Amino acid sequence: MKRVTLMAKVDPEICRGCKICEKVCPVYAIKVTDKKAYSDPDKCMACANCADRCPFHAITMVKREEPYDVGVDVSKFDQKAIRDLCAKAHFNPEQILCYCVGTRAEEVAACLLDGATTPEEVSARTGMRTGCTIECIQPLLRMVKAAGNELHPNPNGFQWYGTTVTAWDMPEEVKEKYSSRGFYFEEDRKLLDEIANIQVDDEGGAK
Ligand code: SF4
Ligand code: SF4
């Protein structure tokens, strides 16, 4: 859940229509038309990527008159389906995937079960990847892929690349090569699988 209190505002007098802002927006909230950028206040999640990256300083983050909350109500979804999808991506449903916003795996799973198919859709509905916009892309891609979606990087820009190799899909020869050099891939995988399978009771303790 994220409370969005700011929004991006473009000064059309300064904007030169270079489209960099379009390429770095994680939720496609800013578009350039007729060489001028416009940020849609209904979509902007206030990550400030566009303002930070605009080479002409045409964008400022301004306070919203009415902040709004973004998030998915997990309780409305089939809890077993959520657990199964998280397990497929090797996450515990309670695990936080986006530390900036505090988005848990269960919220991402609910969003995917509700029809989201891309990282951008998940970001728009959960707020995930609208804080630092960098650190949580890999867990997000893992969840989107586990839900059976193909991953197509944004055709308009360079927001994210492919998935990185994890302990579950690392080739055997790589594991063997590095196992004698202080890496413990099998042990790591086993521990992470155990974490993914821990069930939590109503008071937050392990069952
Ligand atoms: S990055 Fe700045 S100058 Fe370029 S289109 Fe966006 S607002 Fe305009
Ligand atoms: S979500 Fe971020 S990048 Fe997109 S318009 Fe809002 S502040 Fe700019």
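Which residues come nearest to ligand 2? In this predicted model, 15 residues lie around ligand 2, and those that come nearest are Ala8, Cys25, Cys44, Cys47 and Cys50. Sorted by class, the shell around this ligand consists of 12 nonpolar and three polar residues, with no charged residue.

The protein chain falls into three parts: domain 1 covers residues 2–70, domain 2 covers 74–161 and domain 3 covers 165–207. Between domain 2 and domain 3, the contact involves five residues of domain 2 and seven residues of domain 3. On the side of domain 2 that touches domain 3, two residues are nonpolar, two are polar and one is charged. The centres of these two domains, taken over C-alpha atoms, are separated by 20 Å.

Helix H5 spans residues 119–126. How many of its eight residues are buried? Seven of the eight are, and the helix is thus mostly covered. The buried residues of H5 are Pro119, Glu120, Val122, Ser123, Ala124, Arg125 and Thr126. Just after H5 comes Gly127, with a positive phi of about 90 degrees.

Key:
Residues are numbered from 1 along each chain as its sequence is written. Chains are lettered from A and ligands numbered from 1 in the order in which they are written. This is a predicted model: local features need pLDDT of at least 70, side-chain atom pairs count only at pLDDT 80 or more; totals for chains, interfaces and linings use all residues. A residue is near a molecule or strand if its C-beta atom, placed from the backbone, lies within 6 Å of it. Ala, Val, Leu, Ile, Met, Phe, Trp, Tyr, Cys and Pro count as nonpolar, Asp, Glu, Lys and Arg as charged, and the others, Gly among them, as polar. Domain bounds come from an automatic or database domain assignment. Two residues are in contact if their C-beta atoms, placed from the backbone, lie within 7 Å. A residue is buried if 20 or more other C-beta atoms lie within 10 Å of its own, exposed if 12 or fewer, and partly exposed in between; C-beta atoms are placed from the backbone. Helices (H or I, at least four residues) and strands (E, at least two) are DSSP runs, numbered from the N terminus.
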